[in-house]
There are 2 protein chains.
Amino acid sequence: LAKTGEFEFLARLLPRLASGRGVVVGPGDDCAVVAVGRQRWLITTDALVEGTHFRPRWFTPQQLGRKAYLVNASDIAAMGGRPRYVLAALAVPARYPDRDLMRLNIGIAKAAAETGACVIGGNLTRADRLSVTITLVGEMRGTPVLRRGAQPGDALFVSGELGSAAYGRRLLSRRVTARGHEVRRFREPVPRLEAAALLAQHRLASAMIDVSDGLLQDLGHLCAASGVGARVEVEQLPCRPSIRAAGHALALSGGEDYELLCAVPMHRLARMRKLQHRFGCQMTRIGAVMPKSYGVRAVDALGTVYSGPTGFDHFHASTAARRHRRTPRSS
Amino acid sequence: LAKTGEFEFLARLLPRLASGRGVVVGPGDDCAVVAVGRQRWLITTDALVEGTHFRPRWFTPQQLGRKAYLVNASDIAAMGGRPRYVLAALAVPARYPDRDLMRLNIGIAKAAAETGACVIGGNLTRADRLSVTITLVGEMRGTPVLRRGAQPGDALFVSGELGSAAYGRRLLSRRVTARGHEVRRFREPVPRLEAAALLAQHRLASAMIDVSDGLLQDLGHLCAASGVGARVEVEQLPCRPSIRAAGHALALSGGEDYELLCAVPMHRLARMRKLQHRFGCQMTRIGAVMPKSYGVRAVDALGTVYSGPTGFDHFHASTAARRHRRTPRSS
């Protein structure tokens, strides 16, 4: 099951799942949304699997628990919610030391506590390889921001920075014993909860998603859900100089960023500027929402560095990487 | 991590988890309970892992999805709730056919629909071995029935039947190509949702748990949480003749039953008899709650077949099996 397979598979599966009473948003967005009385609750689940998402030596047990929690918190942030309740389903090899298992759990619990959530349950089972599956329930004040809702003409913003985490992963996989910024970015994503909550409460964002699989891929999801296209100005991407020097692929499709990507209508930009000091992170304007016919393009001063049609089945990482070729700028 | 390690580990971990706003019941019961306005919601998670819980040839993909859902529904039943929302986190080997993955998902979705629930989200990742982690959110009308609350003098009841599922698993692991009742019981647990909801709504049960790890082990959990002991009359256990003939170990500690075990105060027995026709399953009186000093004992006409102190660290399956020795009946 490659990334391409995953999204194509989901496209076939999701229409077959019946909706139910109280379901405001079903499968296919960053979180599900259910109505409980007049409240809206968000629920999401995500797993870190040894061999797929990490090698044991990449993380201490506490770091691993922490990251497993934070990637879920990022999904709650992507809709503008606040984390509340955590369930941790752990699958653990027989040889895994009890002390490490305790530290892993404490990593989850501490990260949860720091973001206002607590562990309410879980499951513990034996398995050949370590995996941590977190389910996170979030609280929503106001209306959740979905992937759909972006309109041509909206500005595109991304939080924090892109590319460093993917570079950190590359360093770790090459057995570089680095402890720098990039490795820290990979090990410890920073869910943009404050910024997201403000974007939602003040209705600044018309659509939002978290960037976990790479900017272009997740932008593709947002565009597909909204029925629009998008243009990304590569020079505007918030990257460290070292990442920029390594080429645009890390920022465009490296993945592991766990930043917010959102569309903001032009008439909300002034309000957004006023609130920016409360976001707790930089929000960088990186492009614009375009009509669907435009597709999704990334451009720099010399031309188009990426061009593809809108739609998630075309935005899996492997294809995106292959399409990183320079073509004449068409607009 | 053996079963013993699991429960001992949890005993050390759980006190370290801080509780949070709205948490009515935290980790350590069949489900967590959270308050949402005046409503109570139940949340639980449980996983089926290839190599630990099943071999691939034991289940069709649809059967596997179905069972993964049903074991979670059994946890919701154990508190008297109704399943509502399902999240399915799947970890799938690269070679796993898309068609099977679709069937697995449909197995989950169909079983959910049959019990009034629907799939609202999930996650899909690659892994070396197949695993299905379900998170289930349930709705509670009335007060959830916890593991704690049993009083000496209460009668002990168990739903349905014991031992067949464990025997079915044994048949499958011995490569017997059986399709009989026992294998069906292993493949497809029957969460006792109707009975459980009635037991909760009419406040018949003072304490309840689902029997998943074997009667004695789960009775041990209930007793430890309630601070009581218990006596089980082995001859009263609801077993098929073939299971009874194979000895009492299957019924006492075979596991995989997914039946309700509950304590019912004597003054509620008349009311329980009146409602029995609505339970949708047999509820069999199998013994009595005793003072804590009594410990937990299983007795037959000839004497005590099992005796141990109250407390979950003494009720893991391996120890229970070793303790299945006949000793003179002490009461």
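**Entry 1: the A/B interface**

I started with what chain A and chain B cover up: about 5000 Å² is buried between them, 64% of it on carbon and sulfur atoms. Buried area here is the accessible area (1.4 Å probe) that two parts lose on being put together, summed over both. I'm working on a predicted model, where local features need pLDDT of at least 70, side-chain atom pairs count only at pLDDT 80 or more, and totals for chains, interfaces and linings use all residues. Residues are numbered from 1 along each chain as its sequence is written, chains are lettered from A and ligands numbered from 1 in the order in which they are written, and side-chain values use heavy atoms, with hydrogens and water left out.

Next I looked up who takes part: 58 residues from chain A and 58 residues from chain B are in contact (heavy atoms within 4.5 Å).

I then went through the polar side of the interface. I get 13 residue pairs in polar contact between chain A and chain B, both residues at pLDDT 80 or more. A polar contact is a pair of N or O atoms within 3.5 Å; within protein, one must be able to donate a hydrogen and the other to accept it, and residues adjacent in sequence count only if both atoms are side-chain atoms.

On the chain A side touching chain B, the elements giving two or more residues are α1 (3-13), β2 (32-36), β3 (39-49), β4 (82-92), α3 (98-114), β5 (118-126) and β6 (131-140). Helices (H or I, at least four residues) and strands (E, at least two) are DSSP runs, numbered from the N terminus. β5(A) gives the largest share, 9 residues. By type, I noted 30 nonpolar, 17 polar and 11 charged residues on that side. Ala, Val, Leu, Ile, Met, Phe, Trp, Tyr, Cys and Pro count as nonpolar, Asp, Glu, Lys and Arg as charged, and the others, Gly among them, as polar.

**Entry 2: salt bridges**

I find 30 salt bridges over all chains, and 4 between chain A and chain B. The cut-off is a side-chain nitrogen of Lys or Arg within 4 Å of a carboxyl oxygen of Asp or Glu. One I looked up is A:Glu139 with B:Arg21, 3.5 Å from N to O. Another is B:Asp128 with A:Arg129, whose closest N and O atoms are 2.3 Å apart. B:Asp128 sits in the loop between β5 and β6 of chain B and A:Arg129 in the loop between β5 and β6 of chain A, so this pair joins two chains.

**Entry 3: the sheets**

Two strands pair if DSSP finds at least two bridges between them. β1(A) and β2(A) run antiparallel over 2 bridges, and A:Val25 stands opposite A:Val33.
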